[in-house]
Amino acid sequence: MLVFDALLAGALIWLAWQATHTPGLFRSVISFIVFGLLMALAWVRLEAPDIALAEAAIGAGATGALLLSALGRLAVTHEAGTPWQERPDLYFWIPAGAALLGLLTLAAWALPTPGLGDDVRRVLPDSGVANPVTAVLLNIRAFDTLLEIGVLLLATIAIWSLGRMPMPSAPAVRSPALTALGRVLFPMFVLVSAYLLWRGSHAPGGAFPAGAVVGAGGILSILAGAQPWLTGGVRGPWRILLSLGFATMLAVAWGVMALGQPFFAYPPGLAGLIVLVLELAAGLSIAMSLVALYLAGQPPDHWGPEAARR
Amino acid sequence: MIQPESLVVLLVGLPLLGAILTFVYPRAATAVTAACAAGMLGAASGVAYAVMVGGGWSQDLGGWAPPLGIGWQVDGLSASLLLLTAIVGSAGAAHRAVEGLDQPFFWPLWLFLWGALNALFLGADLFNLYVALEVLALAAVALIAMAGGGALPAAWRYLLASLLGSTVYLMGVALLYGRYGALDLGLIAGALEPDLPSALGAGLICLGLLLKAAVFPLHFWLPSAHGRAPTVVSAALSALVVAAAWYLLVRLWFGPFAGLQGPGPDWLFGLIGTGAMLWGGLLALVQRRLKMLIAYSTVSQLGFGLLVIPLAVGAGAESAWRGAVVLVLAHGLAKAGLFLAAGSIARAHGHDRLDALGGMGAGVVLPWLALVLAGASLIGLPPSGGFLGKWWMLQGALAAGGWVWVAAILLGTLLTAVYVFRMLSVVIRPAAPVPPAGGGGLPGALPAFVLALLALGLGLAAPVLEHLLSGDAMTGGPA
């Protein structure tokens, strides 16, 4: 196993270097995606399956799709960029990075392994769920998660504020296989995501991976030529769905105060139900946000023939 | 009687709720923002009053006590910054509403920025503070980019600098968590030992925050981002966002990292602060555009605030501490007033090139007046808040015998005076014929004028400020 870990660590460093220093953006992006997949493997080795799921779904999957679609929209240049051998600033950054890495290694060596895992397991019965990660994310440190779900909504608004989405939303030439595949696969994506969501209460899973899987399914069906249903206008449910996770968390945080509880303190007995509702709402918004991010701008107010022609 | 704990909840929840509403129903955006602004002005005043009467407090979120849960803390420092945020946020929103630009996404972004600032001023948990910093930076980047054109590369550079700062900060948080198994500021403060993981963690966190605060020599991203952003965004960035990074640095330095204090770090921070004062001041002197001059002035004024680290230890600590906080508050009010006034003037003229601007005349009387008053506070003329802050800082420095820092403060003030006078020399020029379309008229300039008046009048509130900030020793301020 030690050999495997060493190989994995070496491959990660090599891929990181490739992703940042290889000439040619396409190879960089591919290196980045592979990096994400191997990173997920590293998280599995570190016995953090929740992070591995998120890393694979978001780090490699969703981010990879975003990078590739951005690459497709960039004007094609055959400039290779400055090869790293000709960049004098690296004479500063490489020693500085090596020094930091050395210090970090020394410091990490000196770390005890306290962590709060045992404390979390002790209060788990009060949290309403059996999976410690879900308990931390949606109950114990739910305020962190509130702000993080807020980041997703904020990112969508930020991208919409930059302008309308570029058209067309899918590549002009697509393989017929993809169309068929998209049709067959989308229900599978929804099924897997529902399973992940349900699992989240007692095992690795939960809103983030579930939302990422549905979001990835949505992106795939757009790639396969499906009409994106997400509109940028005020009418329709989309703005409400995009804010649903954030709004629900905020409503729960305040709503429990009406029951005489402090801010964000779930009433005992209702915790399990509240966590489930939050997971559903957050998962839906995460999926929506990922599709919205992929569209790279505010979608048109109506998806009519005139919108497609623009 | 409303509990102050629920006022604090309102301060975080209200802007976030407003952000959702203004996104889903953009037609009601100004009304929603106005309601949020009124609520937050009231809540922030209430919190400040509660701290004055009963001292600071801390509260656990969700009924989970640290180390598992997340805590909030309120003391004089955070209460005064929450109030500053409410004032500048409301004034900026009012200015924006009068400008009448058709950019509906401005409002949710503005309210997100506001909510993130409030969460940051309340947070007592290293990781929660990181999340608040992220929300803050993302909202700020999007708001800068709204100006379009030359603001896009500036926003991009700000995004990269800010992400680098966050990453470095997070590395430090990871080290401290690994070392102490806690993220709560109070728990880490109680357990801190000066060993390698702690020193490296604290150093990385400080480095990240210095980058986010655009402290010399890491200020490279600030002037173009602050100078090119839409007017109200420049005001919020210079008055609040930079102050937020300063706040966090000071909060951590005198809280959890107090065990690492010593002559070495004190001198380092002091020299960085002095460098910022001088370099920012010199560059402000040579700028050709009004907004860029004001942006470089932020780099310079932040240097004053950083001197709190060498000064607020030992003799005269309390006076220097109070002085630095008041200086940051006065800078926030004055700088927001300057940017809003400059925006009104630039709109009236169609540009903000210093050599081609006309003087005070029809249509731009109020903005120029605001500029003069805010400039007076920036220099530190009595009875402004700038005067009071510098006075207290100098008292502290003299009590501690820190002659180097006395000289640095005086030199920095001299530079400030020179660049403010350079800006104000435009006032006495003959007025340019102002096109009737621009300017935004009286209502557009009113927020700037109110901010400038507040900056000027802040010095008169010395007894109140002294009372408000004196209790900080118990909740994280210098002992």
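**Entry 1: a loop residue in chain B**

I began with Ala147(B), and, leaving aside its neighbours within four places in sequence, I found it in contact with Arg228(B), Ala229(B) and Pro230(B); two residues are in contact if their C-beta atoms, placed from the backbone, lie within 7 Å. I worked on a predicted model, in which local features need pLDDT of at least 70 and side-chain atom pairs count only at pLDDT 80 or more, while totals for chains, interfaces and linings use all residues. Residues are numbered from 1 along each chain as its sequence is written, and chains are lettered from A and ligands numbered from 1 in the order in which they are written.

I located Ala147(B) in the loop between H5 and helix H6 (151-180) of chain B; helices (H or I, at least four residues) and strands (E, at least two) are DSSP runs, numbered from the N terminus.

**Entry 2**

I then turned to helix H5 (residues 126-145) of chain B, where Leu136(B) is found. Leu136(B) counts as buried because it has 25 C-beta neighbours inside 10 Å. Beyond its neighbours within four places in sequence, I listed its contacts as Leu113(B), Ala116(B), Leu117(B), Leu120(B), Val241(B) and Ala244(B). From the side of Leu113(B), with the neighbours within four places again left aside, the contacts include Leu136(B), Ala139(B) and Leu143(B).

Which residues have the most contacts inside the largest nonpolar core? I wrote down Val47(B), Leu113(B), Leu136(B), Ala139(B) and Ile144(B), in a core of 287 residues; a nonpolar core is a set of buried Ala, Val, Leu, Ile, Met, Phe, Trp, Tyr and Cys residues joined through C-beta atoms within 7 Å. The largest share of this core, 21 residues, comes from helix H14 (residues 317-349) of chain B.

I compared the directions of helix H15 (residues 365-379) and helix H17 (residues 403-424) of chain B, which pack at an angle of about 170° with their axes 9 Å apart; axes are lines fitted to C-alpha atoms, for helices over the stretch in contact, and angles run from 0 to 180 degrees between N-to-C directions. H15(B) and H17(B) are therefore roughly antiparallel to each other, the word used for angles over 145 degrees. I counted the residues of this contact by class as eight nonpolar, three polar and no charged; Ala, Val, Leu, Ile, Met, Phe, Trp, Tyr, Cys and Pro count as nonpolar, Asp, Glu, Lys and Arg as charged, and the others, Gly among them, as polar.

I found a cis peptide bond from Pro382(B) to Pro383(B), with omega near 5°, and Pro383(B) is in the loop between H15 and helix H16 (385-400) of chain B. The bond from Phe216(B) to Pro217(B) is also cis, with omega near 0°.

**Entry 2: chain A and its side towards chain B**

I recorded 12 helices and zero strands for chain A, and 19 helices and two strands for chain B. Buried residues make up 37% of the 310 residues in chain A and 66% of the 479 residues in chain B.

Where the chains meet, 41 residues of chain A are in contact with 40 residues of chain B. On the side of chain A that touches chain B, the largest share, 13 residues, comes from H7(A). I sorted the residues of that side into 31 nonpolar, five polar and five charged.

Glu47(A) counts as exposed because it has 8 C-beta neighbours inside 10 Å, whereas Phe264(A), with 26, counts as buried.

Key. Buried ≥ 20, exposed ≤ 12 C-beta atoms within 10 Å, placed from the backbone. Parallel < 35°, antiparallel > 145°, perpendicular 65-115°, else oblique.
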